[in-house]
Amino acid sequence: MDILDAQATAALLPFDRLVPAVAQAMLDLRAGLIHAATRSVLPLPDGGSYLAMPCTDAQYAITKLVAVTPANRALGQPTIQGRLLVSSASHGEPLLVMDGSVVTARRTAAVTLLGIETLLQRPPAVLTLVGTGEQARSHAWAMGQRWPGVQLRCVGRNRGQGEAFAAQLSKEGLPGLRALPLEQALEDSEVTVAATTSLSAVLPAHVADTTLIVGIGSFTPQMAELPASEVRRRQVWVDDLDGARHEAGDLLQAGIDWSRVHSLAEALRHPDLIRAPLLFKTVGHAAWDLAAVRVALQPNP
């Protein structure tokens, strides 16, 4: 059984294969070909949590184990650490251990890329990224790799934070990221992606109808990085409808009518249903981890 570190895990998950794999996983989940249990959460000392997320299909049985330890922040250590354990579904033998944080970051970005390409029905030319944390970092890299030449703009809590974020990514090899004030960044932007853990809206109350809004940062009912006015007036798509009902604070706090919320799997099969103005909210699902396993263990077509 191979045990992969972060670098080796990332090398097995190129976005040109991971994005279509996530699309297939969405369709398979909808068809009942993928099975996932409700996420288990147990307490750890000092306000920490231990999470287990199992999922199976006809080939693989996987479980992602994640330790969230806020106390590590004061020690200069990662607050989120995890592993993804992969076994054969037929015989049960262990096959692989992958870095859980890398799998989560890359499959989350792949879901965002898929949602943007599906709902726009083309790659974007101008995109605004609101946030400067790890989610924003992984998404900036994913967008640069998936769409070479895309005009990327970033917005931080203040101008200095945004400029530092852009400068650091440029130093690491991702050029062309421009730090701008929010209002300027949103001008003629085809997509704006909110990647924060804010409890209140980080976007203005009105965003142009031609701009696709994507929310990826908030993950509890108490968080809402998208303005309620935009949630209520847009056609809303989610990566996982069941998860969104429990975790998508942006939608819950806006009092969304759930009968008008659609899963992205519907758009994959029926693109004629897509109507602007659009909003895409992601909450994650173990099936997207399974998509990453399929890419890692199955040879290039």
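In the predicted model, strands β13 (residues 235-238) and β15 (residues 278-281) pair in the parallel sense, with four bridges between them. Within this pair, Q235 is placed opposite L278 of β15. Both strands belong to an open sheet of eight strands with parallel pairing, ordered β10-β9-β8-β11-β12-β15-β13-β14. The edges of this sheet are formed by β10 (178-179) and β14 (261-263); each has a single partner strand, so one side of each is left without a neighbour in the sheet.

Helix α4 (residues 134-146) packs on the sheet, where it touches β8 (126-130), β9 (151-155) and β11 (191-194). The direction of α4 makes an angle of about 165° with that of β8. The buried residues of α4 are A136, S138, H139, A140, A142 and M143. The elements covering these buried residues include the helices α2 (15-30), α3 (100-120) and α5 (159-172), together with β8, β9 and β11.

The largest nonpolar core contains 65 residues, of which M98, I116, L119, L127, V193 and L212 touch the most other members. For L119, the contacts beyond neighbours within four places in sequence are L212, W237, L264, A267, I274, L278 and F280.

Conventions:
Residues are numbered from 1 along each chain as its sequence is written. This is a predicted model: local features need pLDDT of at least 70, side-chain atom pairs count only at pLDDT 80 or more; totals for chains, interfaces and linings use all residues. Side-chain values use heavy atoms; hydrogens and water are left out. A nonpolar core is a set of buried Ala, Val, Leu, Ile, Met, Phe, Trp, Tyr and Cys residues joined through side-chain atoms within 4.5 Å. Buried means under 20% relative accessible area, exposed over 50%, partly exposed in between (1.4 Å probe, protein chains only). Contact means heavy atoms within 4.5 Å. Two strands pair if DSSP finds at least two bridges between them. Helices (H or I, at least four residues) and strands (E, at least two) are DSSP runs, numbered from the N terminus. Axes are lines fitted to C-alpha atoms, for helices over the stretch in contact, and angles run from 0 to 180 degrees between N-to-C directions.
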